[in-house]
Amino acid sequence: MPTVGPISRLAPKPMRFILNWGRRYSLWAFNFGLACCAIEFIATSASKHDFIRFGVIPFANGPRQADLMIVSGTVTDKMAPAVKRLYEQMPDPKYVISFGACSNTGGPYWDSYCVTKGVDQIIPVDVYVPGCPPRPEALLYGIMKIQEKIAAESLGERYAPSGKEPGA
């Protein structure tokens with residue numbers, strides 16, 4: 001688990017604001033599209049909805065260049081190790097949006113023997129976007145929720161064990 005130095009909690013609030021502002025408006029998104037929700041991700045990145053105006057750069061070259069993973073579609077038990085491996089390759093801090101009913105809970109295939117009952121069974125999820133498939137506006141709302149989370153975040157709190165600030 002990565003750690004942040006004990007002095008980090010003493011950083012002035014304007015400095016935290018600037019650092020979080022930079023991380024908030026420069027999210028590199030890695031889309032792990034598995035089904036029809038992936039098409040809605042593409043629609044969100046197209047000119048009509050244009051999530052680049054929110055500071056999201058779609059289509060990172062790979063997980064090592066991304067800090068936001070958007071899982072869209074049905075995660076099967078056979079794909080679960082790949083999802084976990086790609087998540088582990090992302091640098092910290094990293095965020096996950098579960099996009100659509102299938103990635104949230106298994107969707108209409110929830111009772112199938114080979115479907116994972118939600119991507120949160122494999123990796124931690126920050127924001128759930130419901131729908132089958134969700135509209136592009138719903139993904140934009142999910143992105144804004146991630147940005148709000150980043151703006152309020154203290155890296156010392158994020159990486160401290162059991163939620164306590166280092167050195168406290």
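I39 sits in helix α2. At 55% relative accessibility, I39 counts as exposed, because the cut-off for exposed is over 50%. This model is predicted. Helix α2 also holds C37, and C37 counts as buried.

- I39 belongs to a nonpolar surface patch together with I42 and F59.
- The accessible area of I39, I42 and F59 together is about 310 Å².

- C37 has a relative accessibility of 4%, so C37 counts as buried.
- The cut-off for buried is under 20% relative accessible area.
- Beyond residues up to four places away in sequence, C37 touches S72, G73, F99, G100, P133 and P134.
- C37 and C132 are 95 residues apart in sequence. In space, the C-alpha to C-alpha separation of C37 and C132 is 7.6 Å.

**Helix α3: one buried face**

- Helix α3 runs over residues 80-89.
- Its buried residues are A80, A82, V83, L86 and Y87.
- Viewed down the axis of α3, these buried residues fall within an arc of 165°, so they line one face of the helix.
- An α-helix has 3.6 residues a turn, so residues three or four places apart point the same way.

**Strand β4: S98**

- S98 is a residue of strand β4.
- Its relative accessibility is 0%, so S98 counts as buried.
- Setting aside neighbours within four places in sequence, S98 is in contact with V71, S103, N104, V119, V125, V127, Y128 and V129.

**The whole chain**

- The protein chain has 168 residues, and 44% of them count as buried.
- It contains 6 helices and 5 strands.
- Read from the N terminus, the order of elements is α-β-α-β-β-α-β-α-β-α-α.
- Take the contacts in the protein chain with a separation of 6 or more: 76% of them join residues 24 or more positions apart.
- The protein chain exposes about 9,100 Å². Carbon and sulfur atoms supply 62% of that area.

Definitions and conventions:
Residues numbered from 1 in each chain as written. Predicted model: local features only at pLDDT ≥ 70, side-chain atom pairs only at ≥ 80, totals over all residues. Heavy atoms only, no water. Helix = DSSP H or I, 4+ residues; strand = E, 2+ residues; numbered from the N terminus. Buried < 20%, exposed > 50% of the residue type's maximum accessible area, 1.4 Å probe, protein only. Contact = heavy atoms within 4.5 Å. Patch = residues over 30% accessible without salt bridge, like charges linked within 9 Å, V, L, I, M, F, W, Y side chains within 5 Å. Areas by Shrake-Rupley, 256 points an atom, 1.4 Å probe, with all protein chains shown as cover. Salt bridge = Lys/Arg side-chain N within 4 Å of Asp/Glu carboxyl O. Arc of directions from axis to C-beta.
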